[in-house]
Amino acid sequence: MTNTPQDLAGWQARAAALRVDAGLFIDGQSVAALDGAKIEAINPANGQLITDMACGSAADIDRAVASAKAAWDDGRWRFLTPRTRMDIFRRWADLLEANAADLALMETLSMGKPITDALTIDLPESLVTIRYFGEAIDKVAGTVTNSPHNAVHQVSREPLGVVGAISPWNYPLLMAAWKVAPALAAGNCVVLKPSEKAALSCIRLAQLFVEAGGPAGVFNLVTGYGQDAGKALALHPDVAKISFTGSTGVGKQLMIYAGQSNLKRVSLETGGKSPQIFMPDLEDLDTAVDRAIMGIFDNAGQVCNAGSRLLVHADIHDAFVDRFVARAGQLYSPGDPLDPSTSLGPVVSHGHQQTVMGFMDQGRAEGATLALGGAADAARPDGAYVQPTLFTGVTSDMAIGREEIFGPVAALFRFETEAQAIALANDSIYGLAASVWTSNVKCAHRMVKALEAGVVWVNCFGDGDMTQPFGGYKQSGNTRDKSLECLAGYMQSKSAWFSLD
Ligand code: NAD
């Protein structure tokens, strides 16, 4: 990455010089909302205005879907040769890479993510996403079945039409890329509605697609509020599929909208309350505790698969808690997210800070023991900071043990037997991810089979790559992102029977 500042002063200077075109992106053009409405993009680290973004309404969604539909109908994207589309994807990824420092800066300013995380996690993973699905374009193939001698039966894979993508704010660019890249790679046209809380990098994603040679109208973007622009997209009769990442509550609503409109497909990546199980025979307690800390405090706990429930065997409970408390502050202490040495920024907004602290109050009231943190960061009153927090003595009936907090708050449960650990882990409406720490290979296999989760990590947490299907069981969703399994979700099969008689 060239021209990347190396220190806080360098990033502050770059932030001051950043110019953002924050319009809607429709038909290859940056445009204002029809009614001229705006959303203030606020920096949660200091409460200051970054810029005004266009605030799209249902009328703007109509414009964007009409643009995508026209592009779909005339085939300006799906009828290009696979190699031509692959070349556009390649140039698109290269442009994103050339703009990586500014895109990372947009993430940090919009939602408080440490700049080092944005540069070393969000940007590289977004690039891999686009390159992976770009490479997959000419690998899609249908089949010819073993049909009778007087017939030929072929099954081909076709795109769906206009895909509406609705994305969250915790990894703004990456979560949008997880939707848009496979949708476009499959040959669809797209309207993206990013989160109103952090959309700047997503706007750039759409602009760069066209700069890379993507035809206008194929990838449109409308910033706006969920209950207005998002709802209009999900109800739109010309949208063939909604691909969503966000909360379970909104996911349920989207299924209703599909039923109320055109039975569009709805793929959901939703919330989580992921358990990490620490057995007494785990190989290295220090490593396990460090990974537990990272699993809950990375991105200030605003991770769908955050390891927010720590299930610790009684034999190692006290050593685990002591080590956790000693190490957490060394690994994660609040700082200016523009400082490359910062590992814990603010949460996304002052409103969300209040929500997270409300959960802490409930934890205390319901009888959990506060072992670490438990407050805002008094040293940074202008920012939406929350101290890294650990509650012990948590049970499944407590709100902090049951509900997704989406902040840097770990809930630690104590268990005595393997069966208890499995029961505790599965006692949740969610089933996104889980991990098991043990040196007993049989126990590891038993756990992998027993855990109700779409992703299970053994002796690690959060590892993986683009080949790994990612998504949840139960109310954590009904689909998989990443991987070729995800690509298949943006296509439908067409069966054609040729009579040879
Ligand atoms: P959210 O559900 O509040 O918002 C997500 C998106 O939906 C936003 O763009 C929002 O504007 C839109 N939206 C809100 N109401 C809507 C409505 N009525 N109709 C249509 N769209 C609407 O979620 P969030 O706060 O942005 O993100 C945090 C949530 O996302 C957490 O629950 C987290 O677990 C989840 N998440 C899941 C994954 C995953 O892969 N499973 C990944 C990241 C985040």
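In the predicted model, helix H8, which spans residues 226–235, contains a set of buried residues, namely Ala229, Gly230, Ala232, Leu233 and Ala234. An α-helix has 3.6 residues a turn, so residues three or four places apart point the same way.

Aromatic side chains were examined next, and the count of aromatic pairs comes to 15. In the pair made by Tyr132 and Phe133, the ring centres lie 5.1 Å apart and the planes stand at 90 degrees, so the arrangement is edge-to-face.

A stacked geometry is found for Phe278 and Trp437, whose ring centres are 6.0 Å apart, with 15 degrees between the planes. Because Phe278 belongs to strand E12 (residues 275–278) and Trp437 to strand E18 (residues 433–437), this pair ties together parts that are 159 residues apart in sequence. Phe278 and Trp437 are both buried, and they belong to one aromatic cluster that also includes Phe297, Phe320, Phe324 and Tyr332.

Charged side chains are likewise placed over aromatic rings. The charged end of Lys113 sits over the ring of Tyr171, at 3.8 Å from the ring centre, while the charged end of Lys241 sits over the ring of Tyr490, at 4.2 Å from the centre of that ring.

Methods. Residues are numbered from 1 along each chain as its sequence is written. This is a predicted model: local features need pLDDT of at least 70, side-chain atom pairs count only at pLDDT 80 or more; totals for chains, interfaces and linings use all residues. Side-chain values use heavy atoms; hydrogens and water are left out. Buried means under 20% relative accessible area, exposed over 50%, partly exposed in between (1.4 Å probe, protein chains only). Helices (H or I, at least four residues) and strands (E, at least two) are DSSP runs, numbered from the N terminus. Rings of Phe, Tyr and Trp (its six-membered ring) pair if their centres lie within 6.5 Å; planes under 30 degrees apart count as stacked, over 60 as edge-to-face and the rest as tilted. A charge sits over a ring if NZ of Lys or CZ of Arg is within 6 Å of the ring centre and within 35 degrees of the ring normal.
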